[in-house]
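These are my notes from a first look through one structure. I wrote down each thing I looked up, in the order I came to it.

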Amino acid sequence: MATFTRDTEIFRNEDMLREDYQPDSITAREDEISTYTAALQPIVNGAQPRNIFLYGKTGVGKTAVSRYLLKQLQRDTEQYDDVELSVCWLNCTNLSSSYQVAVNLVNQLRPADDQISTTGYPQQRVFDILYEELDQIGGTVLLVLDEIDHIGSDDEILYEIPRARSNGYLSKAKPGVIGISNDFGFRDDLSPKVKDTLCEEEIHFSPYNAPELRAILEERVAGAMYDDAVDDAVIALCAAIAAQDTGSARQALDILYKSGEIARTNSEKRLTEEHVHQAREKLEQSQVEHGMRELTKHGHLALVAMLQLAFEQETPARIRDVYPLYRRIAEGSNVDPLVRRRMHDHLADLAMLGILDRQMKNEGRAGGHYYQYEFDVDLDIVGDVVRDFDSIALPKGVTARIE
Ligand SMILES: Nc1ncnc2c1ncn2[C@@H]1O[C@H](COP(=O)(O)OP(=O)(O)OP(=O)(O)O)[C@@H](O)[C@H]1O
Ligand SMILES: [Mg+2]
């Protein structure tokens, strides 16, 4: 018997459930699309584009709706000879300043063999090069800056570009900026002059409710999975879980995809509600695991100290028990230990991430109150993560248990 055979029962086209899949149609975003369309209308009329700022939590369709609508815009403006539209899409995830955004825009607009270096220019020079590129293209140029919150407070580019034309830096190009962010703090902290320009049109994307998520899943499942593999109850459950937790379509799709994988691994023909519950648990686990890996050095040291205590059955533990151990592990790993208060902040962070459970205790009239901590996740998972800490000298009591 063959080791590999093609899936004929669960997934018809599993690419449709992946993160990078761009749906042909958008479900349940009528209001946002109509506001967005109106904000883009000046472009169709050959006028200056407005600047648009989209915000809303993660997974609520900001990127998908933008891609969808800008594609329609490009298609529909082709019939007008006096509208020359170019769209330049930049994901700012790894860009922490206006300077870096400007360099990356230039390089996106230039051919591959004519890129500029990411360092070494004065900021104004990079802006000047960017304006030259924009004028070279001419017409309406929409710059979509997705995940723009990564530039933090270094947000100069967000009023430089929109004002470039009125400042006389551009003669042929009409630039428009579309900023997208899931960080509400970023929006609130934008400098007032940026707010005035960028947020000319603000569109808020709210979390999806269960019926909306169900509609999105149904639409996607029709192409992604075989008809007999999924029934309404399974879809409704995925939608309900995601609606209650985050309201994110990404989460709903991930749960469905994972449920399908579990069914496939078990050689079953249909997804069941049990698969969905398992999928949810697995996804939560990998999220927590990811959270642990992403911690700072001191977070990792705190984690190891807690793990040692847990192995010794000494949890729940107080900071006065964790701290000496943390110090010893830090020193053994050639890291300067933090003072107790700062180290306590790391335990509080671990609790916030759902890795530790934190309880406040009262010592009666005399003692005041204190916190105690214990793991809220499976120790095997913590062990898996800790095993990969190359630069921490793990205590023997820990290595013995995780090998
Ligand atoms: N209304 C919708 N109709 C169909 N699919 C959708 C809809 N909204 C979101 N999706 C799908 O859900 C996933 C997440 O959406 P998207 O990437 O647009 O979220 P986002 O708001 O940009 O999130 P983030 O802030 O994390 O970037 C994508 O796979 C997208 O295709
Ligand atoms: Mg996005």
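**Entry 1: helix α1**

Which residue just after α1 takes a positive phi? I found that it is Gly46, with a phi of about 80°. I note here that the model is a predicted one.

I then went back along α1 itself. The helix covers residues 30–44, which is 15 residues. At 1.5 Å a residue α1 should span 21 Å, and I found its end C-alpha atoms 20 Å apart, so the two values agree. I also looked for a bend in α1 and found one of about 30° at Ala38.

Which residues of α1 are buried? I listed Glu32, Ile33, Tyr36, Ala39, Leu40, Pro42 and Ile43. One partner is a helix, α2 (62–77). The others I wrote down are the strands β1 (52–56), β2 (85–91), β3 (139–146), β4 (173–181) and β5 (201–205).

I picked Phe205, which lies in strand β5. Is Phe205 buried or exposed? Its relative accessibility is 0%, so I put Phe205 down as buried. Leaving out residues up to four places away in sequence, I found Phe205 touching Arg29, Glu32, Leu54, Tyr55, Gly56, Lys57, Val60, Gly61, Lys62 and Val65. Glu32 was already in my list of buried α1 residues. I also took one distance from Phe205: the C-alpha atom of Cys238, 33 residues apart from it along the chain, is 21 Å away.

Leu70 counts as buried because its relative accessibility is 3%. With residues up to four places away in sequence again left out, Leu70 touches Leu40, Val87, Trp89, Leu142, Val144 and Ile178. Leu40 is one of the buried residues of α1. Between the C-alpha atoms of Leu70 and Val335 I found 50 Å, and the two are 265 residues apart along the chain.

**Entry 2: cysteines**

How many disulfides does the structure hold? I found zero. Cys88 is in no disulfide, and its nearest cysteine sulfur is that of Cys92, 9.9 Å away. Cys88 has a relative accessible area of 4%, so I noted Cys88 as buried.

**Entry 3: loops**

I looked for residues other than glycine with a positive phi. Ser267 has one, of about 55°. I placed Ser267 in the loop between α10 (249–265) and α11 (273–293). Its relative accessibility is 65%, so Ser267 counts as exposed.

Gln313 also has a positive phi, near 60°, without being a glycine. Gln313 sits in the loop between α12 and β6. Is Gln313 buried or exposed? I put Gln313 down as exposed because its relative accessibility is 67%.

Pro316 is found in the loop between α12 (297–311) and β6 (317–318). The peptide bond that joins Thr315 and Pro316 is cis, with omega about 0°.

**Entry 4: the whole chain**

I ended with the chain as a whole. I counted 17 helices and eight strands. The C-alpha trace spans about 75 × 60 × 50 Å along its principal axes. Of the 403 residues in the chain, 46% are buried. I also looked at contacts between residues at least 6 apart in sequence, and 71% of them join residues at least 24 apart.

How is the chain divided into domains? I noted domain 1 (30–204), domain 2 (208–291) and domain 3 (295–402). The centres of domain 1 and domain 3, taken over C-alpha atoms, are 44 Å apart.

Last, I checked the UniProt record. This unreviewed entry lists residues 48–231 as "domain: AAA+ ATPase". Over residues 48–231 I found 42% helix and 18% strand, with the end C-alpha atoms 49 Å apart.

Conventions
Residues are numbered from 1 along each chain as its sequence is written. Chains are lettered from A and ligands numbered from 1 in the order in which they are written. This is a predicted model: local features need pLDDT of at least 70, side-chain atom pairs count only at pLDDT 80 or more; totals for chains, interfaces and linings use all residues. Side-chain values use heavy atoms; hydrogens and water are left out. Helices (H or I, at least four residues) and strands (E, at least two) are DSSP runs, numbered from the N terminus. The expected span of a helix is 1.5 Å times one less than its number of residues. The bend at a residue is the angle between axes fitted to the seven residues ending there and the seven starting there. Buried means under 20% relative accessible area, exposed over 50%, partly exposed in between (1.4 Å probe, protein chains only). Contact means heavy atoms within 4.5 Å. UniProt positions are given in the numbering used here, feature names are shortened, and annotations may be inferred rather than shown by experiment. A disulfide is a pair of cysteine sulfur atoms within 2.5 Å. Domain bounds come from an automatic or database domain assignment.
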